[in-house]
Structures are given as C-alpha cells and as structure tokens.
Amino acid sequence: MDINKIQQQLEQYSTFLKQDPTNVNLICSIAQLNLQIGQIDVAKSFILDALKNNPSDTGLQFNLSNILLANHDFESAISVLLTMLENGLDTAAIRYNLAYAYLFLEEFEKAKELFLSIIDQTNIAPDTAHWLGRTYYHLGDIDNAEKFFLEQINRDPQHYGSIGNLAMLKLDQENLLEAKELAEKALSLKSDNLEALVTIGNIYLDDQDDTQAKKYFIKAIDSQATSGRAWSGLGLTNMMNNDLDKAVNNLEKAVKYMPGHLGTWHALAWAQIASNDIKSATVTLETALEIDHNFGETHGGLAVLDVIKGNTESAKQRIKRGLKLDNNSFSSRFAQSLLLQKTSPDKAEKIINNIMSYEVKEGINLQTMLLKNIKKMKESDSSNSNSDSTYKN
C-alpha cells in the first residue's frame, strides 16, 4: 500500500475513532498504519494512551511489542512479551516476536529454541524459516542454516534475504561459483542487498580485482554502515593496494562492528606492522588473544612482533605454542623462518618497510599469503557472530 492510501486510511480511521474513542481495534489499526509510514513515536503514543485505560488488553500489548521492535527497544519488547506468556497467552506470534528480539540481542540459543517451537505451525510469520536460518548461521551450524534458507526460498523464491545469506554461506564454504550466482540473483531482486554485495566483493578480492572489490564493498557500506564484513573487505582491498593508512582505518571500523572475528583482528595487526606501528599491532594481537587464547595464529603473530623487537626467547616460546595449537599456523611458520634467518634489528626494519612484497616462497609475496590466510581464519568459538549483527532482510 502506498503512502497516500495509508494517509487516506488514517484520516478515515481517525474520524471513526472520534465517534468511538475506546475502540481498541481502531486504535491498533491506527497504530499499525502509523508504523507503516515510519511514525513510530505516534504509534507508540496511541498504544500507551490506550493501555492506561486497558492495561490488560492483549491486543494493545502485542501491538506495543511490534512498535518496540521497530524502535529497536528489544529489552522492553521482551519484557512485554514475557509478561504476556506468564499471563497464559502463548501464541506463535508472541513466540516469533520474542525470538526476533533475542536474535537482535545476540541471545541465539534462546532465539533458536523459540523459532524451532513454531516452525512447523501453519499460522507462523512467512519469514520464520529465514530468521531461523540466520540464527543457526550465527551459531555456526552451517548445515541447519542452509536447510532453513533453502526452506524459505522454496516458500518464497523471491526472498532476497535468504538468497543473499545463502550466497554468503556458500562464500564461507569457498563455493565461489554458486556464491556468485546466488548473490547476483539477490541483487537482481534488491540492488542493495548487504550479504550479496559483500559476497561479490569478496569474490573479486579473491580474484585480486581491487577495483571491482572496492566498488562492491563501498556499496555494501552505503547499504549498511555498521557492516563489519564490508569494512573488513574494504580494508583488505586497501592492503592489496598498499594503501595502509586507509587499511588500518577501515579495519579498525571492522573490528568495532565485528569484535569477535579473529581474522579481522589479524588483518588489522598486519596492516599496523606494515605501517611500522609495532606498538598498536601488539595491542591488537593481545586483544585477539583475550578473545581466544587457543588460536595459534595469534601466538604466531605475537612471535613475529617479538622477532622484530629482538625478543628471541619470547619469540621461540610463542612459535612453539602457536605450532602446538596449529601446526599449519602461517604466522608461526613465518616467525620461525625469520628466526632461522637470524633476523637482526636492521634486517627487521627492512622487512617491515617492504613487508607486503616480502617473498615468503619463490614467486609468492607476503601480501598474497596474508590475504589468502586471513580470509580462511575462522571466528573464535567464543564469538557470537558468524556474520554482522544486522537483520535488515
């Protein structure tokens, strides 16, 4: 319904309400119409005024929960919904709203249980499978995430949200061909679909096409400025171009919005190392260590810094720890190779100044290896987000 028709209905219902000012159904309808045109405060005011006279009316309470969710006041919405459940009103709609609120608050286990409790009912919200898929994605259960994204797409082939999320899931599985096809389909349905833009940006990044990668990551940021994966992708693109100041700036934004993603913390640390900001790189990797003390790459990264600082014994201990945790740890192996070369302070400075072009293997520089390995780094098990904490689709 377009805004003009909504305005006409509002005028009509307002006239009716003057004749019947205590009609709860009319009050709820007016609130819902105001919500549709973004008049959240007006809608909330209508409902709260009505609740003063009818505090136990469940229709008013449920409409209040919708308004609170729209206003991103998730804690208050949960309070209203739990009160309704405690009072014996247990419906699929209440459980859906409650699960949705928990999902926004990153209480994924609670959200999962609630969505699962209604998923097989016939009167559920049409996008329940999508949100259950998102919940499983955040929990790291890729199989179930894929299952419910596909279930949503089977119900609604035009659901760009599930298509875009499935594209990102395929990207994470390194199925780039299918990821690109899905992302392009999602963008054909909605040109600013965040997950699809980030997916294609990463595919171009993988192809080392920095021009196209940058274009898609910027579009993703324009779509949602708090997208950690978009800022991370843009930062990695900056690193590809040796634009280190921008890389550090963008990767700092990425970890702000995606604080549990260890690969992004490592990307930031390497950009800081390449910028000869060893102090900041140390702080960055120590922060990563606090997130997950058992991630081999972090110990290896700190070992690289120890080599650069001339702390040989500490470097050896960190290398040992890093390789014990992950025998294929790239940063631990790199630190080990620097030690074997008996890197002196002068040589360490030279390495820093040329670190992105530093040849790790014959014909392969550090920049190429970094981009490859950072993208493969998994999130810490202690992190609660496999994707950004955004739920626009």
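This is a predicted model: local features need pLDDT of at least 70, side-chain atom pairs count only at pLDDT 80 or more; totals for chains, interfaces and linings use all residues.
Residues are numbered from 1 along each chain as its sequence is written, and side-chain values use heavy atoms, with hydrogens and water left out.

- Glu-195 is placed in helix H12 (residues 194-206); helices here are DSSP runs (H or I, at least four residues), numbered from the N terminus.
- With a relative accessible area of 3%, Glu-195 is buried (buried is under 20% relative accessible area, exposed over 50%, partly exposed in between; 1.4 Å probe, protein chains only).
- Ala-92 lies in helix H6 (residues 92-104) and is buried, at a relative accessible area of 8%.
- Beyond its neighbours within four places in sequence, Ala-92 is in contact with Ile-118, Gln-121, Asn-123 and Ile-124 (contact means heavy atoms within 4.5 Å).

**Helix H1**

- Helix H1 (residues 3-19) has 17 residues and reaches 25 Å from its first C-alpha to its last, close to the 24 Å expected at 1.5 Å a residue (the expected span is 1.5 Å times one less than the number of residues).
- Ile-6, Leu-10 and Leu-17 are buried in H1.
- Seen down the H1 axis, the buried residues fall within an arc of 45°, so they line one face of the helix; the arc is that of the directions from the helix axis to the C-beta atoms.
- Helix H2 (24-36) and helix H3 (40-53) are among the elements covering the buried residues of H1.
- The face turned away from the buried side of H1 carries the exposed residues Asn-4, Gln-8, Glu-11, Lys-18 and Gln-19.
- Asp-2 caps the N-terminal end of H1, with a side-chain oxygen 3.1 Å from the backbone nitrogen of Asn-4.

**Salt bridges**

- The count is 13 salt bridges (a side-chain nitrogen of Lys or Arg within 4 Å of a carboxyl oxygen of Asp or Glu).
- Arg-155 and Glu-151 form a salt bridge (2.9 Å, N to O); they are four residues apart in helix H9 (residues 142-155), and therefore separated by about one helical turn.
- Lys-112 forms a salt bridge with Glu-113, the closest N and O atoms being 3.8 Å apart.
- Lys-112 is buried at 15% relative accessibility, whereas Glu-113 is partly exposed at 46%.
- Glu-109, Lys-112 and Glu-113 are linked in a network of salt bridges.

Terms used: Helices (H or I, at least four residues) and strands (E, at least two) are DSSP runs, numbered from the N terminus. A polar contact is a pair of N or O atoms within 3.5 Å; within protein, one must be able to donate a hydrogen and the other to accept it, and residues adjacent in sequence count only if both atoms are side-chain atoms.
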